[in-house]
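Work through these exercises with the model open beside you. Try each task before you read its solution.

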Amino acid sequence: AEVAANGADHDGIDGSGEAKPEDGDAKDEDMKDEEKDDFFEEEQPQEPEEPEEPKELEEDAPADSRAKLSSTIQVGGVADSTLNVMPTCGGKVLMALVEGGFQHLVAATRASAGVKAGRYLFEVRIVESRLCQDGGKVKPRQSCILGFSTRASSLFLDDGAESFGFDSEGHFVGAGPGQWSQEQLYSPFSPYNSVYGVLLNLDPSSPNANTVSLFRDGVRISKPQPVPEAMRGQVLYPTINYKNMTLHVNFGPSSFTTMPFACRMLQDAAAADIEAAAAAKAKASAKQEVLFPVGLPDEGTFGWLDDFLKENPQYSELSNRSLLNWGLKSGLYRKAGAWSNSNDSPLMDFGVRELDDYSLLSTLQQSLAPMLQRDYVVMQVKNNLLAEERKKALTSYDGDSFKRVAVVIMGEPPEAFKAKARSQALEAKRRKVGDEVRKEKEAEAQARKEKRSVAVADKHRAAAEKKAEEAEKAEGEEGAEKKDEEAEPAEEPEEDIEAAVKKAEEAVQLTAEEEKAQWFLQQSSEDLVKKDLGRSFASFSIPDKAEGFDEVRYAWQDAPKAAEYLKAWISERKLTQRVEDIQPGAYFKQMHEEWQVKLAEWKRRHGESRAARWKQPVTKRRKVHEKKKEEEKKEEDEEKQERAEKKEEDEEPKAEDETKEEDGETKDAAAKEAEERKEVEEEEVETEESQIKLDDVEPFRVEDINDIGNGQPLYANFTWEDWIMANLRFELHLLVHAYRIDLNDEERPSFGEAHLQHYYQKYFRKTFTSKNFGVASNLELIGLIKDTLEALPKNNILEAQLAEDTPMDNFIRLAEDHRRERQQAYDAGDEMAKLNLQREAHPQAGGGGRDNRQRMPPQQQQQQQQQQQQYGGRQQHGYGAAAQHAMPQRGFDGGHHAAPPGYPSRAPAYGVPAGHHPVPYGYG
């Protein structure tokens with residue numbers, strides 16, 4: 001213990017009680033340890049040293065004796081802020097609306113002065129960050145962007161190529177939509193205490209020239225970010241975007257915090273380095289103006305508005321179109337597949353109730369806009385064309401505060417407007433040609449490349465085969481290789497596709513007709529959806545002062561020409577625009593019901609006539625034949641009797657009683673003979689009637705279509721196709737006349753074929769499809785019934801060929817006449833004469849139950865009952881009612897000639913296979 005305590009050596013034992021190595025061994029161990037340390041020092045990389053803080057390159061601002069800016073820089077100005085910006089405290093505090101849908105919209109404002117030279121700072125403190133309660137699918141967020149923009153750019157810092165700034169989430173927003181820094185450059189903004197300063201350096205002598213930096217509480221938190229090239233040399237205005245926040249803005253002259261270098265605030269800038277925004281145009285009236293543009297849909301209304309707002313930025317647009325753009329620029333997303341169905345009422349689909357149902361626009365017009373001292377343009381295309389809607393809109397703007405002006409934009413636009421439209425049309429035409437040429441040239445280049453590849457492959461294959469042959473002979477291998485190398489096809493120079501496209505585009509020009517017709521700008525979306533236009537266009541009118549306007553201005557043409565233009569426009573639309581709210585009137589209901597009754601009766605008679613053909617008795621014909629034989633025999637007996645009487649003249653006279661008896665027998669025989677003769681005459685008449693053939697009868701000369709003179713109806717040879725065509729003729733005839741009667745408008749005598757499906761659905765409450773009639777279009781279908789309906793060649797307006805009071809049986813006559821024409825053409829070898837209709841599925845599919853019978857019309861139910869009574873309710877061969885009705889009975893020999901149940905088939909005579917016993921057509 002003593003040795004250990006004194007640290008002395010004793011017999012090789014160290015103070016720890018372990019054996020101590022000899023001196024030589026200790027030296028060797030030390031050398032090994034040193035070598036080992038050197039090895040690890042060489043092999044192992046050294047840890048990187050902590051980077052030194054970058055030296056602040058910004059220097060103290062030198063003294064500046066130039067004149068200072070005299071005007072006060074402000075934000076929240078009318079021309080440079082969105083409607084939800086609420087400045088207070090002399091413009092130093094910025095608040096925003098956060099209810100009724102505004103909590104989802106960004107508030108944006110731009111300062112009244114911009115920087116064009118020097119280095120200057122402005123500061124912002126987040127006074128309040130509000131959490132808004134919203135029951136919708138999209139939850140409101142808090143956000144803020146501090147930056148700069150040009151005077152002509154958008155107020156939103158993430159919109160367009162002339163703005164940039166620092167986002168509250170730690171990203172730098174570059175020039176252009178979506179140009180955000182990929183990495184987070186700094187920690188997110190914190191509210192209440194921190195002060196954020198944005199430093200713009202445009203001093204060319206500074207190492208940080210043309211950069212912008214962000215500071216928090218006087219400490220740099222972002223490296224200098226370059227000002228976009230496109231914005232250098234322009235005046236840059238401080239711009240602030242915020243949502244659900246309250247901000248305290250400081251332009252100086254003193255700063256809230258101490259910077260690491262002397263720096264001037266924006267308000268302390270030299271007047272030469274600052275440019276104030278141009279003042280708004282002076283107005284003759286002290287009142288604010290509210291404009292109501294009155295223009296026709298798709299005729300330059302929104303194009304005029306865009307030009308007007310560009311020249312007059314102090315006006316704020318109040319429209320659903322502006323709200324849609326506002327929502328998109330505020331970071332709201334529309335659902336997948338959402339599209340703008342019209343400019344007047346675009347489909348929002350944001351998931352925000354107040355925006356999606358357009359109630360936010362009503363809030364703006366009725367509550368917010370009248371409160372703010374601004375100039376407005378109320379752009380609602382449909383409402384501004386309707387007198388009642390105009391009067392209603394005027395009530396929101398007090399005449400003491402606002403000058404209410406209607407601006408009529410109708411007729412031929414000015415030449416500058418038309419030139420702009422022609423330029424746009426030419427650009428679109430050139431772009432289309434360029435795309436076609438590019439596609440063609442790319443296809444040709446690809447074909448050449450494939451051809452070249454095939455040629456090279458063929459050459460290599462041939463060379464390989466030849467080389468293999470020569471290798472077997474062991475001769476000329478080197479020569480073959482050289483020859484093969486020389487045989488490589490040279491590549492053709494590739495054609496410059498873009499040069500060809502440019503050349504093709506430059507060659508494109510508008511024709512004289514295109515230039516003449518191009519008055520208005522082409523739009524990606526129509527101004528009004530067809531449905532709204534169809535319901536309201538007939539009531540469009542030009543405004544008048546009597547409605548409450550202080551002034552009515554005519555932007556393009558004067559009042560008489562505008563009125564004339566509107567009248568012609570409405571007249572044209574009446575022929576081409578469909579009516580959405582039309583309803584069937586009394587005339588249609590009466591005629592349609594009457595037709596249904598008659599059609600059911602004709603079908604019943606048709607069924608009975610077909611059934612009568614199969615059960616016609618042969619006894620009458622046999623009886624006639626037997627009576628003829630009896631008459632011949634009787635004549636022979638009479639001759640014999642006459643000869644016998646001559647012989648008896650010489651005989652003694654008969655007894656008186658025998659003579660009387662013979663006289664009685666003679667009278668009875670005469671009476672019997674007269675009766676038989678009458679029956680024979682009747683049979684002869686029946687025979688003559690039976691000789692009348694249906695195809696020899698002129699359809700329009702028959703007095704009664706139910707009896708052509710032999711008891712047979714004119715429609716005896718109808719198939720189900722003929723009944724469909726007869727019904728089609730009547731329905732379309734009735735539709736055209738009912739449309740004219742129900743509208744009672746001389747300018748609307750009929751409608752276009754493009755709207756046939758719409759009106760058919762409105763009147764008959766069922767869909768109409770031309771393909772069910774074996775044709776591809778309405779025009780082809782109308783060609784099948786041109787005896788009833790025609791489409792005018794100029795505008796395809798449908799024109800009825802028959803009078804309103806045409807007898808209903810005429811449609812049966814027309815159908816029979818058409819049937820014969822088709823039959824003759826088909827017999828002549830014309831396969832195209834055959835109809836290709838699609839038969840509707842029978843409602844009784846599945847057995848023809850009682851419930852289905854109850855859905856039949858009363859006449860059809862009665863007909864079926866009579867049919868069942870006639871055939872005893874039997875159904876042959878196991879077929880149900882539905883199966884019999886759906887059974888193919890088609891033929892082009894004049895009709896369905898099939899025997900009813902219980903009667904022998906006469907298929908050979910009528911072209912129907914033996915054993916085929918469908919129920920006669922006439923119901924179902």
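This is a predicted model: local features need pLDDT of at least 70, side-chain atom pairs count only at pLDDT 80 or more; totals for chains, interfaces and linings use all residues.

**Exercise 1: The whole protein**

Task: State how many helices and strands the protein has, and what share of its residues is buried.

Solution. Step 1: The protein has 25 helices and 22 strands. Step 2: Of its 924 residues, 41% are buried. Residues 24 or more positions apart supply 73% of them. The accessible surface is about 52,400 Å², and carbon and sulfur atoms account for 48% of that.

**Exercise 2: Asn 312**

Task: Decide whether Asn 312 is buried or exposed.

Solution. Step 1: Locate Asn 312 in the loop between α3 (301-311) and β17 (315-318). Step 2: Recall the cut-off: buried means under 20% relative accessible area. Step 3: Asn 312 has 10% relative accessibility, so Asn 312 is buried. Step 4: Now compare sequence and space. Asn 312 and Asp 375 are 63 residues apart in sequence, with their C-alpha atoms 9.8 Å apart.

**Exercise 3: Phe 588**

Task: Work out where Phe 588 lies and which residues Phe 588 touches, leaving out those up to four places away in sequence.

Solution. Step 1: Phe 588 belongs to helix α15, residues 586-614. Step 2: Its relative accessibility is 4%, so Phe 588 counts as buried. Step 3: List the contacts. Beyond residues up to four places away in sequence, Phe 588 touches Leu 734, Ala 738, Tyr 763 and Phe 764. Phe 588 and Ile 741 are 153 residues apart along the chain, yet their C-alpha atoms are separated by 9.0 Å.

**Exercise 4: Salt bridges**

Task: Say how many salt bridges the structure holds, then examine the pair Arg 553 and Glu 289, the pair Lys 403 and Glu 551, and the pair Glu 601 and Arg 604.

Solution. Side chains of opposite charge can pair when their charged atoms come close. Step 2: The structure holds 44 salt bridges.

Step 1: Arg 553 and Glu 289 form a salt bridge of 2.8 Å, N to O. Arg 553 is in strand β20 (residues 551-554) and Glu 289 in strand β16 (residues 288-295), so this pair links distant parts of the chain, 264 residues apart. Arg 553 is partly exposed at 28% relative accessibility, whereas Glu 289 is buried at 10%.

Step 2: Lys 403 and Glu 551 form a salt bridge of 3.1 Å, N to O. Lys 403 is in strand β19 (residues 402-409) and Glu 551 in strand β20, so the pair ties together parts 148 residues apart in sequence. Lys 403 is partly exposed at 23%, and Glu 551 is partly exposed at 24%.

Step 3: Glu 601 and Arg 604 form a salt bridge, with their closest N and O atoms 2.5 Å apart. They are three residues apart in helix α15, so about one helical turn separates them.

Key
Residues are numbered from 1 along each chain as its sequence is written. Side-chain values use heavy atoms; hydrogens and water are left out. Helices (H or I, at least four residues) and strands (E, at least two) are DSSP runs, numbered from the N terminus. Buried means under 20% relative accessible area, exposed over 50%, partly exposed in between (1.4 Å probe, protein chains only). Contact means heavy atoms within 4.5 Å. Accessible areas come from the Shrake-Rupley method with a 1.4 Å probe; for residues, only the protein chains shown count as cover. A salt bridge is a side-chain nitrogen of Lys or Arg within 4 Å of a carboxyl oxygen of Asp or Glu.
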